[in-house]
Amino acid sequence: MAAPVVANGPGKEENRGGGGGGGSIGRPTNPMVTPLLTDLYQFTMAYAYWKAGKHNERAVFDLYFRKNPFGGEYTVFAGLDECIKLIANFKFTEDEIAFIQASLPPSCEIGFYNYLRGIDCSDVEIHAISEGFVVFPKIPLMRVEGPVAVVQLLETPLLNLVNYASLVATNAARHRFVAGKSKLLLEFGLRRAQGPDGGIGASKYCYMGGFDATSNVAAGQLFGIPLRGTHSHAFVSSFMSPDEIVEKSLKSSDGSSVCKDFVSSVQSWLSKLKRSQLLGGIFGETNQSEIAAFVSYALAFPQNFLALVDTYDVMRSGIPNFCAVALALNDLGYKAVGIRLDSGDLAYLSCETRKFFQGIEKEFKIAGFGKTSITASNDLNEETLDALNKQGHEVDAFGIGTHLVTCYAQPALGGVFKLVEINKQPRIKLSEDVSKVSIPCKKRSYRLYGKEGYPLVDIMTGENEPPPKVGERILCRHPFNESKRAYVVPQRVEELMKCFWPGQSGKVREELQPIKLIRERCINQLDLMRPDHMRRLNPTPYKVSVSAKLYDFIHFLWLNEAPVGELE
């Protein structure tokens, strides 16, 4: 699989010819996102629609999900910008049409392929919730309206672009909630991600969901995400002794002086630490290959010195060696960044390390040394973060990889794409499993806020119903459970869906936002939620409802469409 790259900077290249005013919208990040990124049955249905003369009938589909992931009660909506880029560039090339023709039965008429040559998304209309919003089951994330054959061809790629993006953004938000706002969160998952596209997407949507930086250089270039990273165990173990270090000099931070033998300065500080009244007895002889690696790294990056300290022994070697180098740097006006722990009892080791740093600050009068940053990694997830909080720890930053980017706790979101109206006739999908019954007709969605400023309930109404009003009591009903209903007097009403692709409607198109603004929106959205909806264990379900009129219509249509049994 080719690595996902950007064919152009945002808005710098003409689109593929999707129409609808998309000239200012760039291509999808991944060049593999084309009209062929779909399931074969979308083309077989498109042909059947065309053959029956139904292909231009006006259809409305809702894209939504049925259950929040990870056992939680909220989801972060992500992937919308890539969906709109797909829409803006939706146009078949001759090679793609030739491949479709070779893949369908030879009985398919040639006129269908001429039809495919002419289609784009200029007559498709997209309404969606803004990317980065907190969303809930059953509420449409996107409403896609247009010729039924065209919209059907969009089903698979839209779900593909939304499902993983929303899943991993939600996973990131959940890790942020457990870690707390004060901690630095670093996404380190590229090497464990499901291929290049999984790695790039994870970095993008983890940042959107509240992470601070990534180790993924390509994602940093593509999306402007801050980069973080230092060195591995291999770098430390590649050194044998300080004798390997040839260039030993280091300029002071202000350039006013030069330390000609930085190695000797480090060794001098290491001797002082051994003789220290506060620190004496904690360690003896430290690993000299490790100190050689630390010195070499400090000489290369004196302003960004952060050391991985668990290659040999954290407290008997790694921490003393780091501190000796950090103190030698301090003499030259540099401030070491900190250390990283990648194994062992992270709670205990972080606390012992903090005591060591504080002891140095106290004994040697080095202001701020006690607050030197401690980063932890090592297969972290929500549960380990929660356990660390309960045990008590001194970690300032967490590097999280495998469990984050692979969404190890739940591999898929389970988004669906359902027909809710065709030719202005509402349609419903029935099932013996009530959770799979669709909510028919073209709808509008609102979020109702209470007196304390928290969202109380999301409500769906028919498109032509009057919107809920502030201060006016409205009956909110569960879509399928007759006894679940409540009156709400909203203090604020927010309509959720906006027009992101107007087609031929003449509506004003919402501009796509840069990822940093979407990230801010996501963080603000999460802050708005009531804490009991957000907690890890036994979160309170958020209420999703329909208006009384829509409830009555759902059940009228349900009874009308369900076959009546006959007993003999």
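The following legends describe close-up views of a predicted model.

**Figure 1. The two assigned domains of the protein.** The domain assignment gives domain 1 as residues 40-174 together with 410-561, and domain 2 as residues 230-395. Taken over C-alpha atoms, the centres of domain 1 and domain 2 are separated by 51 Å.

**Figure 2. Two spans annotated in UniProt.** An unreviewed UniProt entry lists residues 36-163 as "domain: Nicotinate phosphoribosyltransferase N-terminal". This span, 36-163, is 44% helix and 18% strand, and its end C-alpha atoms lie 18 Å apart. For residues 442-553, the unreviewed UniProt entry gives "domain: Nicotinate phosphoribosyltransferase C-terminal". The span 442-553 is 21% helix and 33% strand, with 12 Å between its end C-alpha atoms.

**Figure 3. The largest pocket and its lining.** The largest pocket holds about 960 Å³ of space. It is lined by 33 residues, of which F188, S215, G229, T230 and R340 are the closest to its centre. The elements that contribute two or more residues to this lining are β6 (184-187), β10 (306-308), β12 (373-376) and β13 (397-400). Among the contributors, β13 gives the most, with three residues. Sorted by class, the lining of the largest pocket comprises 12 nonpolar, 15 polar and six charged residues.

**Figure 4. The second largest pocket and its lining.** The volume of the second largest pocket is about 740 Å³. Its lining consists of 28 residues, and those closest to the centre are H478, P541, Y542, K543 and V544. At least two lining residues come from each of β17 (455-462), β18 (474-477), β19 (485-488) and β22 (543-547). In the lining of the second largest pocket, 12 residues are nonpolar, seven are polar and nine are charged.

Figure 5. In the whole structure, a search finds 20 aromatic pairs. One of them joins F112 and Y113, with ring centres 5.5 Å apart; because their planes stand at 70°, the pair is edge-to-face. F112 counts as buried because its relative accessibility is 0%. Y113, at 1% relative accessibility, also counts as buried. Both residues belong to one aromatic cluster formed by Y47, W50, F112, Y113 and Y115.

**Figure 6. The aromatic pair F235 and F239.** The ring centres of F235 and F239 lie 5.2 Å apart, and their planes meet at 65°, so this pair is edge-to-face. F235 has a relative accessible area of 26% and is therefore partly exposed. F239, by contrast, counts as buried at 14% relative accessibility.

Terms used: Residues numbered from 1 in each chain as written. Predicted model: local features only at pLDDT ≥ 70, side-chain atom pairs only at ≥ 80, totals over all residues. Heavy atoms only, no water. Domains from an automatic or database assignment. UniProt positions renumbered as here; feature names shortened; annotations may be inferred. Helix = DSSP H or I, 4+ residues; strand = E, 2+ residues; numbered from the N terminus. 1 Å grid on protein atoms, 1.4 Å probe; cavity = no way out; pocket = protein on both sides within 12 Å on 5 of 7 lines; lining within 4 Å. Points joined across faces, edges and corners; volume = space filled by probe spheres on them. Nonpolar A, V, L, I, M, F, W, Y, C, P; charged D, E, K, R; others polar. Phe/Tyr/Trp six-rings, centres within 6.5 Å; stacked < 30°, edge-to-face > 60°. Buried < 20%, exposed > 50% of the residue type's maximum accessible area, 1.4 Å probe, protein only.
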